[in-house]
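Below are some notes on the structure you asked me to look over. They are set out as numbered points.

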2 protein chains.
Amino acid sequence: MSLQLPLPSLDRRRWLAAVGASLALAACAPMATAPSGADPLPSWNEGSNKQRIVEFVKAVSTEGGRDYVAPGDRIATFDNDGTLWLEYPMYTQVLFVFDRIRELAPQHPEWKTQDPFKSLLAGDMKGVMAGGTKGLLEMLGAAQSGSTPEEFEGIVQRWLQTAKDARFKRPYTELTYQPMQEVLRYLRANGFRTFIVSGGTVDFMRAFAQGVYGIPNEQVIGTRQKFAFEIRDGKPLVMMQPALEFNDDQDGKPIAIAQIIGKRPIAAFGNSDGDFQMLQWTTAGSGRRLGMIVHHDDGVREYAYDRDSPVGKLVEGLDRYQAMGWGLISMKNDWKEVFAPAK
Amino acid sequence: MSLQLPLPSLDRRRWLAAVGASLALAACAPMATAPSGADPLPSWNEGSNKQRIVEFVKAVSTEGGRDYVAPGDRIATFDNDGTLWLEYPMYTQVLFVFDRIRELAPQHPEWKTQDPFKSLLAGDMKGVMAGGTKGLLEMLGAAQSGSTPEEFEGIVQRWLQTAKDARFKRPYTELTYQPMQEVLRYLRANGFRTFIVSGGTVDFMRAFAQGVYGIPNEQVIGTRQKFAFEIRDGKPLVMMQPALEFNDDQDGKPIAIAQIIGKRPIAAFGNSDGDFQMLQWTTAGSGRRLGMIVHHDDGVREYAYDRDSPVGKLVEGLDRYQAMGWGLISMKNDWKEVFAPAK
C-alpha cells in the first residue's frame, strides 16, 4: 500500500505512527557479552559513526574512567518508526488502523455514510486524507478502543502475522533495521537499559517490542490513550478509550522520559524532527553523551527522504546536527545491511 | 507537628501524600538470595499472613510448579504512605509542602495577605484547613514548581536531612516499616521487580525511594505534575509546572500501572481504600495472586486508625478483604518490629 500523506500536521502527530511485529523472535534474547575482539556491530561499515558509538560505549562503561556511568544510569532511548524499523511511505500503525476499521465495518453500518470511514471503506484514499489529522484520530479512536490493553495486543499480533509491506513483501516485523538491532544488543550487553520513546501508541508497540527488539513493556514509552477502570459482571477491567491522554512527540518526548523514567538518558537515537528535543535534552546533560540521527538516504535498499517528506520529516536535525555534536547516520554509507535477515 | 485534617475529600486526594527520606541507606542493596532455611521475614511473627506471603513467593518462583510465573512477569506494586512508611497524623509530603512554603515566603510578599498562604505563615492551621483540597493543591503547586525534577529532588533531600517526626523524633526516612522492607527485599531476591504506586507525586518520592527502599526512579509511579520543555539561555530544560496531570489514587492506580508498566502485577500491597482498585485488579488476574492490606491497629507502637480517619481511611478494604481473598496484616500482631532500626 503506497500512500503519501499531504498533511503538514501529520508529522507533528507522529503518534499515528509506529509499526507492528507479532511474536517474531528476531534477535530478542539479550546478547551475552561479546568475546573481546569480536565486532559488536558487524552490519556497520567502518567509519566515524560506528566509531562514535563504540567509543561512547567503552567510555561510559569503563570503570575508573573519566566518563564512567553507573549501570543504573546507562539509559538509552530510541524512537521507533524510521529509527528501528520502516516508516515509509506510511507509518505501520496507520496501516493497522485502516485494516482494523475495514474489519470492524460490518458492526458499524453507520460508517457507510460517515467520513472518514465512508471514504476508507470505498477505497477513496484522497477522501480519507481530506479528513486530515482529525479524521485519522477519529479512526484511531474507533480502531483502538473498547478492549483491554491485553486484548488489544492480541489483535495487533494477529494482524502482524498476516500483514505485509507492499514493496518488500515481508511482514513488518521483519523490516527492522539490522544495524539498529545490533546497537540495541550491544548497549544491553554493556549494562544499558534500552527504552523505546515513540509517537506510536504504547499498546500498539507493546504487541511486538519484546519479541522484535527484546524490549519489555515497561520500557516502552509512547503516546498514551485514556484508559478507564470499570467493573463488568463483577470483574475489574482497564478499558482503552477513544481519546488521547498524552502525545509523545517533540517536546513530549523529554517530558515523558522525565515523568516515567525519571532519569535523563545518556544516549538517544532518532530520525526525524519529532526526535529533536529528545536528543537535545539528552546531549545537554553533563558528562559524555551520544546523540544519533538515522538519515534515510538510501533510495535503492530503502527510501531517500528528509526535508520534504510528510512522513519522518527531517529539517532541523539536518541543519543543526553538527552544531549539536550529533552523528548523522547514512543508511547508504554506514550500513552493510538495512533489514534484519529473513527467517 | 500534629494535624488532623477534617477534610472528607482529602483521603481521595492522596497524591498530597507520600513522605521523604534523603540518602539513608536503610537496606537499599538488593539482598543476595537468602541461604536456604534462613527466615526471609524475621520481623514477622509466625501466622497466616507471613505464611501467605512465603507460600505465594515459593509458588510463583518454583520452576515447573503449577503456579510458576516467569521472572519478567513477577511484578509487585506497593502503596507508599501507610504501607511502606508512616503517614499519620499527616502525609509527610504535606508537611514538606508547608515547610517549603515557609521557606519561600520571603520571595512572595503577596502571600502575607493571601490564603491559604497567609494562614499557614501565621501558624493558623484551622485557617489552612478551611482552604480544603483546593488550598492544599495551591500550596503544592507553589512549593513544587519552577525547578527541574533533578533540582527538586535535591530540595526534598535537603529537607529530609533535617525534618523529624514530632512524636518519634526521628527523620522520616527512618520511619519506614521494617517488616515491609523485608518483603521488598524478599520479593527482589526471588526475581520480582518492586514498584511504588502511590498518591504522592512522583518526584517527591524519587528523592528517597532508591536510598530508602532500593527502588529506582523508573519503578516509582505516582501522581504526575505537568512538565514543560523550555529553552533557557540556550539550555533545554524540563520544568515542573504548578498543575497536576494525573491523580494516582483509586481508579488511577490500575490505570497508571496498565499505562506505564503495561503488565498486571501478581502481588499488590496497600493500606487504605485508595489502594482498593489496585488490589482488586491485581488479584482478579489469572493464576496465583497476592493482595495484602496493612491494618494500622497498633496504637502503642504506631497508631490505630481505619474507618473514621481522614488520613489512610480504610472502610471498603475492611469490609471486603475476606471476600476478595486478601490478607489483612495486623501491625500489632503480625509485626515484631514496626520501624526500621535506628542508624
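1. Which residues does Asp67(B) touch, not counting residues up to four places away in sequence? The contacts are Ala59(B), Val60(B) and Arg288(B). The model is predicted, and all values below are computed from it. Asp67(B) sits in the loop between helix H1 (48–61) and strand S1 (75–78) of chain B. Its relative accessibility is 16%, and because buried means under 20%, Asp67(B) counts as buried.

2. Chain A can be superposed on chain B by a rotation of 180° with 0.0 Å of shift along its axis, at an RMSD of 0.0 Å. The two copies are therefore related as by a two-fold rotation axis. Both copies use the same surface, since 100% of the contact residues of chain A recur in chain B. Among the residues of chain A, Ile260(A) comes closest to the rotation axis, with its C-alpha at 3.6 Å.

3. The largest nonpolar core has 200 residues. Tyr213(A), Phe269(A), Tyr213(B) and Phe269(B) touch the most other members of this core. For Phe269(A), leaving out residues up to four places away in sequence, the contacts include Ile53(A), Phe78(A), Met180(A), Val183(A), Leu187(A), Met278(A), Leu279(A), Leu290(A) and Met292(A). Thr77(A), Asp79(A) and Thr83(A) are also touched by Phe269(A).

4. Helix H2 of chain A (residues 92–104) has 13 residues, which at 1.5 Å a residue should span 18 Å. The end C-alpha atoms are 18 Å apart, in agreement with that expectation. Ten of the 13 residues of H2(A) are buried, so the helix is largely enclosed by the rest of the structure. Among the buried ones are Val94(A), Leu95(A), Phe96(A), Val97(A), Phe98(A), Ile101(A) and Leu104(A), and also Arg100(A). What do the buried residues of H2(A) pack against? The partners in chain A are helix H3 (117–121), helix H4 (125–130), helix H5 (132–143), helix H6 (149–162), strand S2 (193–201) and helix H8 (202–206).

5. Over all chains, a search of the whole structure finds 36 aromatic pairs. One of them joins Trp111(B) and Phe117(B): the ring centres are 4.5 Å apart and the planes lie at 5°, so the pair is stacked. Trp111(B) is buried, with a relative accessible area of 5%. Phe117(B) is buried too, at 3% relative accessibility.

6. Phe276(B) and Trp326(B) form an edge-to-face pair, because their ring centres are 5.0 Å apart and their planes are at 65°. Phe276(B) belongs to helix H11 (residues 276–283) of chain B, while Trp326(B) is in the loop between helix H12 (316–324) and strand S7 (327–330) of chain B, so the pair ties together parts that are 50 residues apart in sequence. Relative accessibility is 3% for Phe276(B), which counts as buried. For Trp326(B), likewise buried, the value is 2%.

7. In chain A, ring pairs link Trp44(A), Tyr88(A), Phe168(A), Tyr177(A), Tyr303(A), Tyr305(A), Trp335(A) and Phe339(A) into a cluster. Where does the charged end of Arg167(A) sit? It is over the ring of Tyr303(A), 4.8 Å from the ring centre. In chain B, the charged end of Arg167(B) sits over the ring of Tyr303(B), 4.8 Å from its centre.

Notes. Residues are numbered from 1 along each chain as its sequence is written. Chains are lettered from A and ligands numbered from 1 in the order in which they are written. This is a predicted model: local features need pLDDT of at least 70, side-chain atom pairs count only at pLDDT 80 or more; totals for chains, interfaces and linings use all residues. Side-chain values use heavy atoms; hydrogens and water are left out. Helices (H or I, at least four residues) and strands (E, at least two) are DSSP runs, numbered from the N terminus. Buried means under 20% relative accessible area, exposed over 50%, partly exposed in between (1.4 Å probe, protein chains only). Contact means heavy atoms within 4.5 Å. A nonpolar core is a set of buried Ala, Val, Leu, Ile, Met, Phe, Trp, Tyr and Cys residues joined through side-chain atoms within 4.5 Å. Copies are superposed by least squares on the C-alpha atoms of residues with pLDDT of at least 70 in both. The expected span of a helix is 1.5 Å times one less than its number of residues. Rings of Phe, Tyr and Trp (its six-membered ring) pair if their centres lie within 6.5 Å; planes under 30 degrees apart count as stacked, over 60 as edge-to-face and the rest as tilted. A charge sits over a ring if NZ of Lys or CZ of Arg is within 6 Å of the ring centre and within 35 degrees of the ring normal.
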